[in-house]
Amino acid sequence: MSEQLLEIQCEIPEDSFNPVEPFLRTDRIPHIWCAGCGIGTTVNCFTRALLASGANLDKVAIVSGIGCTGRVAGYMRMDSFHTTHGRAIPFATGLKLANPELQVVVYSGDGDLFAIGGNHFIHAARRNMDIKVICVNNLTYAMTGGQTAPTTPSHVISATAPYGVFEPAFNLVQLADACGASYVARWTTFHVKQLARSMEEVLKKKGFGFIEIVSPCPTLYQRRNKMGDGLDTMKYYKQASKIRHGAPTGECSLTKAGEIVVGKFVDRERPDYYELLQAQMHESLGDRYAEPEVGCSEC
Amino acid sequence: MHADPKGVLTGVHFLDGDHACCEGTLAAGARFAAGYPITPSTEVVERFALRIPTVGGVFIQMEDELAASIAIQGAVWGGAKAFTVTSGPGFSLMMEHIGYAAITETPCVFVNVQRGGPSTGLPTLPAQADMMQARWGSHGDYGIIALCPNSPQECFDLTITGFNLAEEFRVPVMMMLDECVGHMTEKVIIPAADQIEVTPRRYTHKPPAEYHPFEPDGTQVPEMVKAGDGYRFHVTGLTHDERGYPSMNVATQDRLVRRLLDKLKPFSNGRAICDTAGLEDAEVAVVSYGITSRVAQRAIELARKRGVRAGKFRLISAWPFPERHIADLAGRVKAFVVPELNLGQMVHEVERAAAGRARVVPVSHAGGTVHDPEVILKAILEAAK
Amino acid sequence: MAAIQISNALNGMKLATIETEDFMEGSVAKGFVAINVERCKGCSFCVEFCPTHVLALSSAFNSKGYHPPHVVASDKCSGCDLCGMYCPDFAIYGARYAR
């Protein structure tokens, strides 16, 4: 520790604490995310949302896949599951159906959810499964070294596209919208207040909710493309973002250095999977239908 | 504890193996199933879809086997007994998640109604060519339990056993049916619920501050927990310590992975489930399982009529392999004859256990139908010379 | 302004403690900032996005070699906790003084 002194002049009340602290497995901090990575920022917003939504934290389950964002499950002090690559959503489906009282949140990255996990995303959205999907989109496969992801914009250099990506990229909010998600929003890690509010909204809303959060990966994505560090990226988000609530999702594509349309795009009412199941069973079976027990196998 | 009567279809039935297997899952207490259609297994979940809404539970047809094989694990951690059903190509897709179930010690059941392979193979015809895959199909070191019914009645009975073993050992259990057993229709007797023993999930009674989800007690098997009870636990497929936290170092790897295998040792050998007859004076032991064991039964009878002292060693639990039983037998018989509906899989385990002390004669078959008993008989007679 | 020593507090959090009553005359801070120096990775999000420019990156190092922020205008702190929301390393938070 340097001998230099820091000028700090605040008096800190003895009983104060960082609002994020009770939500963390503090015995595992410091985390593995890089300097300037936005994943931790999204976790702060998520904790504020959990507090504001009045969630019973014993009933919140976090399910992650594999990747940098996939590590969120391991740092949050809730029932949390670090599953296989791309399969957080079907795991979450089983978890939710076995115990519908749980608030099941899938917290994973763009590659995990939309490449290997793409099939599961579209079906869970189609079914309007009552799970919330928080997707931190850093436009790359960060954990494995910055390879092309389905979200990597054209002309970007990646580890597997050293001459520039030429594949068209997914527009995640359009995909979620098209598959039938009940709630679709996009923010960046710059928009901490709005993101926390969106997360609170999605936690309170039944059905398949999806929030995309554009986030820096300064070590790989930004560095390889000479786009600066995390701070530079946050300044770019601030300058390039345009809040357009309700914009048609087809007009919200991301590009290498262009405009970022953020906001809430979809917020619709649809019966969720469990409601549909119950309705169909009641209609077909009448009082022969036996309601599943919560945590259904009494052992 | 006794089976929940809601799931027990007590009575005398005429069912095929797939249907009997489904009744077994319900009697065992399964209240969640996820599946994906694949011949010749689909009837298991079709019946479950029909039955479960009046028993009380959920069936969901997932979008693929990758989803089905992990949805069941989510359901287990949500508190349900759960299973999925598939055949060869789907079994291959499920391999990653079998490994996940093994390292996270998630009790669940995978039913594989085996068909001709590899790849799309013979969708409607029997084979037994996934036996090694059941044991070794996922990457890394881990153990599983595999059971081989040879009749619709056993499809019912052994499925309950499979669920019970999954709970006891916190391990994925493979029910290795085949298309013949799955699609043959026979009498199946389902007893009253209070005649059926069901192993309850061993939930912890420790308070959250003291409980570690991967800390074994004296049995090498940790107590279980479910989401929503305030334990705030973590489950990961990464190598983890007793708290469930990723701990990616050599010492933790050694401790964890050895325990995954060691915890099954009480089930191998001493508790191996096998069906034997005529071994006291046998000169040739016929080792078989599943549908082949019924053909072998005929061959053994014919051999005895010809004066050859053939004995039956039927594997009901194929994995962990009952090597001590085979090793003991190897000291007493001239030869083992191992008919299988594959080009040689369990025969290698027999060879390994026999360690050269007796001849081991495979009677292989590329699959598609069952052996002709005469072929097995010929092998027995040759082996006795 | 008196410079203040960093002192160890609970959980290895290095918090500021006041050792002088040297507040600026005539202005009372509405809020305060607490910085966990060891967790900080010097990303500067808090410095950049504090609406009242309470923070600046210091020239000191933590044990990992990063420059943590320090408070340079405590009287301007409203306790809005934007710094806390931005911090990817859970190394800083702000709060209002209870009145």
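In this predicted model, chain B contacts chain A through 47 residues, which meet 41 residues of chain A. Six elements of chain B give two or more residues each to the side that touches chain A. They are strand S2 (30-35), helix H2 (42-55), strand S3 (58-61), helix H3 (65-77), helix H5 (95-104) and strand S10. H3(B) provides the largest share, nine residues. By class, this side of chain B comprises 25 nonpolar, 14 polar and eight charged residues.

S10(B) also pairs with a strand of chain A. Three bridges join S10(B) to S2(A), and the two strands run parallel. Within this pairing, Ser80(A) has His234(B) as its bridge partner. Strands of a sheet pair through backbone hydrogen bonds, in either the parallel or the antiparallel sense.

Ser64(A) has its bridge partner in S2(A), namely His82(A).

Val106(A) belongs to another strand of this sheet, S3(A), which spans residues 103-109. Val106(A) counts as buried because 33 C-beta neighbours lie inside 10 Å, where 20 or more are required. Beyond its neighbours within four places in sequence, Val106(A) is in contact with Val63(A), Ala88(A), Ile89(A), Ala92(A), Ile131(A), Lys132(A), Val133(A) and Ile134(A). Lys132(A) is 26 residues away along the chain from Val106(A), yet their C-alpha atoms are separated by 6.0 Å. In a regular strand, side chains alternate between the two faces of the sheet.

Chain B is divided into domain 1 (5-195) and domain 2 (272-384). The C-alpha centres of the two domains of chain B lie 26 Å apart. Their contact takes 23 residues from domain 1 of chain B and 21 residues from domain 2 of chain B. On the domain 1 side, at least two residues come from each of strand S6 (122-126), helix H6 (131-136), strand S7 (145-147), strand S8 (172-178) and helix H8 (179-183) of chain B. H6(B) gives the largest share of that side, four residues. The class make-up of the domain 1 side is 17 nonpolar, four polar and two charged residues.

Two cis peptide bonds can be described. One joins Ile29(A) and Pro30(A), with omega about 10°. Pro30(A) is placed in the segment before helix H1 (39-53) of chain A. Another runs from Gly117(B) to Pro118(B), with omega near 0°. Pro118(B) sits in the loop between strand S5 (108-116) and strand S6 of chain B.

Positive phi values occur at residues other than glycine. Leu139(A) is not a glycine, but its phi is positive, at about 65°. Leu139(A) lies in the loop between strand S4 (132-137) and helix H6 (172-179) of chain A. Despite this loop position, Leu139(A) counts as buried, because it has 28 C-beta neighbours inside 10 Å. Ala355(B) likewise is not a glycine and has a positive phi, about 50°. The loop that holds Ala355(B) runs between helix H12 (346-354) and strand S16 (359-363) of chain B. Ala355(B) is exposed, because 12 other C-beta atoms lie within 10 Å, and the class covers counts of 12 or fewer.

In chain C, strand S3 (residues 31-35) is mostly covered, with four of its five residues buried. S3(C) pairs with strand S6 (residues 92-96) of chain C over five bridges, in the antiparallel sense. Phe32(C) stands opposite Ala95(C) of S6(C) in this pairing.

Note on methods. Residues numbered from 1 in each chain as written. Chains lettered and ligands numbered in written order. Predicted model: local features only at pLDDT ≥ 70, side-chain atom pairs only at ≥ 80, totals over all residues. Pairing = 2+ DSSP bridges. Domains from an automatic or database assignment. Contact = placed C-beta atoms within 7 Å. Nonpolar A, V, L, I, M, F, W, Y, C, P; charged D, E, K, R; others polar.
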